[in-house]
Amino acid sequence: MLRTAQLIVAVSLAVALAASEEIPLSERHSSYQDMSAETRAMQDHDAENPGMLWVLDGEALWQTKAGKAAIACAGCHGDAETSMKGVAARYPAYDARRGTAIDLAGRINVCRTDHQQSPELARESRDLLALTALVARQSHGLPIDSDEARLRPFIDAGRAIFTARQGQLDLACAHCHDANRGKKLAGITLSQGHPTGYPLYRLEWQTLGSLQRRLRNCLIGMRAEPYAYGAPEYIALEAYLMWRARGMPLESPAVRP
Amino acid sequence: MSCPFRATSAAGLTALWLAAALPAAGAEEGLRLFAVVGDAIPASLTGAKGDTERGRAIVADRHVGLCLLCHSGPFPEEPLQGTLAPDLRGVGSRWSEGQLRLRVVDAARLNPGTIMPPYYRTDGLNRVAPSVRGKPVLTADEIEDVVAFLVTLRE
């Protein structure tokens, strides 16, 4: 809670870009549309989509008893296909008990520690990605539904980070994904930077990765210090990105070049 | 209502503002002092002339100069060039050596909203990665090599 309050103060002090134009709602589109026909086909067909291997792993973990409580996710939630439908489209969510925003992977770890009484799964570990992919899959095609009323301070904090210059190259997220979207950075078409596909399979990574891993890549490209996985700054950025993409359909597990 | 410092032209205004901004950047630890005159840094940062061939290699290298991430230019061997910034062909005709030097050293002095990174400034930056903290993107020698190359891009 304190960390979050500090974050909000810190980012509101950060130098924001003078005139950052947000993308008009009607002009938003996923970077799926910029991909080659082959990569799109890979995302569209479950049998070809490598991300489905994580979803299958997630299904097995969902049924596996874990922790001192010796209970499986299915023990509390039953069939993921029905109980988890639409859940990922609402994350990050406001966790009233903790008084802060929490992302989907963080929520899964809360179930691990509080309900299964087992240790947290490490960020970017195969098991946490698999469970996140399974839950996200149940929102495939559903519109993002940001809980704007309760997430407002987090959305604002995320926007402040998005528009602030950082790193040795003195760039802001908004420079690439708002102001110069559609232009080419070297050979790559800069997308609008939407979070709609995560966790997703990146051909460059040769594996499935979270949104935080993607943001870490962007920060390293800007020669800025990446935040620690799970840091409130990432949750705030995700809250802003999901609000910015509100109404757009989720695509997880997506495929990206 | 006469003010002795009132700038008579936009160029004069820029010159005043640049002169006022100079000490902060010039005094930064580890960086060499340089003098901004108008919209240019007329003198070499090192006192020596840069090497054109090395400059070309720096500009074309995506991990050193990074220039082609945003710019395009006469680099037929490099298929992946950027469209975020003006083509570098002809910059040597458009700008003098000193003007090119200031644009590479710290383009934000001319356009505060620019996305062109400051290649020879270490102050006023936020959350710089620890491995490069306190270091400019290019060294003074590399800046001079790049400037020597840009001067040759005439048309």
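## Chain B overall

The accessible surface of chain B comes to about 8100 Å², and carbon and sulfur atoms account for 60% of that area. The values here come from a predicted model. Chain B has 155 residues, of which 44% count as buried.

Its secondary structure consists of six helices and zero strands, so that the order from the N terminus is α-α-α-α-α-α. Taking the contacts in chain B between residues at least 6 apart in sequence, 53% join residues that are at least 24 apart.

## Helix α7 of chain A

Helix α7 of chain A covers residues 126–137.

How many of the 12 residues of α7(A) are buried? Nine are, and the helix is mostly covered. The buried residues are Leu128(A), Leu129(A), Ala130(A), Leu131(A), Thr132(A), Ala133(A), Leu134(A), Val135(A) and Ala136(A). An α-helix has 3.6 residues a turn, so residues three or four places apart point the same way. The cover over the buried residues of α7(A) includes the chain A helices α3 (51–62), α4 (73–77), α5 (80–83) and α6 (104–116), together with strand β6 (207–209).

## A three-stranded sheet in chain A

Strand β6(A) also belongs to an open sheet of three strands, ordered β6-β5-β7, with mixed pairing. The edges are formed by β6 and β7 (255–256) of chain A; each has a single partner strand, so one side of each is left without a neighbour in the sheet.

Strand β5 of chain A (residues 200–202) is joined to β6(A) by three bridges, and the two strands run antiparallel. Within this pair, Tyr201(A) has Leu208(A) of β6(A) as its bridge partner. Helix α10 of chain A (residues 211–221) lies across β5 and β6 of chain A, and runs at about 90 degrees to β6(A).

Asn180(A) sits in the loop between α9 (173–179) and β3 (184–185) of chain A. Is Asn180(A) buried or exposed? Its relative accessibility is 8%, under the 20% cut-off, so Asn180(A) counts as buried. A polar atom of its side chain lies 2.9 Å from the backbone oxygen of His175(A). Not counting residues up to four places away in sequence, Asn180(A) touches His175(A) and Leu190(A), as well as Leu84(B) and Ile115(B).

On chain B, Arg62(B) occupies the loop between α2 (52–60) and α3 (67–70). Arg62(B) counts as partly exposed because its relative accessibility is 32%. Apart from neighbours within four places in sequence, Arg62(B) is in contact with Ala186(A), Leu69(B), Glu78(B) and Leu80(B). One of these, Glu78(B), is 16 residues from Arg62(B) in sequence, with a C-alpha to C-alpha distance of 10.0 Å.

## Ala231(A)

Ala231(A) is placed in the loop between α10 and α11 (232–244) of chain A. With a relative accessible area of 9%, Ala231(A) is buried. Ala231(A) and Asp34(A) are 197 residues apart in sequence, and their C-alpha atoms are 30 Å apart.

## Backbone exceptions

Most residues other than glycine have a negative phi, and most peptide bonds are trans. Which residues are joined by a cis peptide bond? One such bond joins Tyr91(A) and Pro92(A), with omega about -5 degrees. Pro92(A) is in the loop between α5 and β1 (93–95) of chain A. Another cis bond joins Tyr198(A) and Pro199(A), where omega is about -5 degrees. Pro199(A) lies in the loop between β4 (188–189) and β5 of chain A.

A positive phi of about 60 degrees is found at Asp170(A), which is not a glycine. Asp170(A) lies in the loop between α8 (148–163) and α9 of chain A, and is buried, with a relative accessible area of 7%. Arg127(B), also not a glycine, has a positive phi of about 50 degrees. Arg127(B) is in the loop between α5 (97–106) and α6 (140–151) of chain B. At a relative accessible area of 31%, Arg127(B) is partly exposed.

Terms used. Residues numbered from 1 in each chain as written. Chains lettered and ligands numbered in written order. Predicted model: local features only at pLDDT ≥ 70, side-chain atom pairs only at ≥ 80, totals over all residues. Heavy atoms only, no water. Helix = DSSP H or I, 4+ residues; strand = E, 2+ residues; numbered from the N terminus. Expected span 1.5 Å × (residues − 1). Buried < 20%, exposed > 50% of the residue type's maximum accessible area, 1.4 Å probe, protein only. Contact = heavy atoms within 4.5 Å. Areas by Shrake-Rupley, 256 points an atom, 1.4 Å probe, with all protein chains shown as cover. Pairing = 2+ DSSP bridges. Axes fitted to C-alpha atoms, helices over the stretch in contact; angles between N-to-C directions. Polar contact = N/O pair within 3.5 Å; in protein donor to acceptor, adjacent residues only side chain to side chain.
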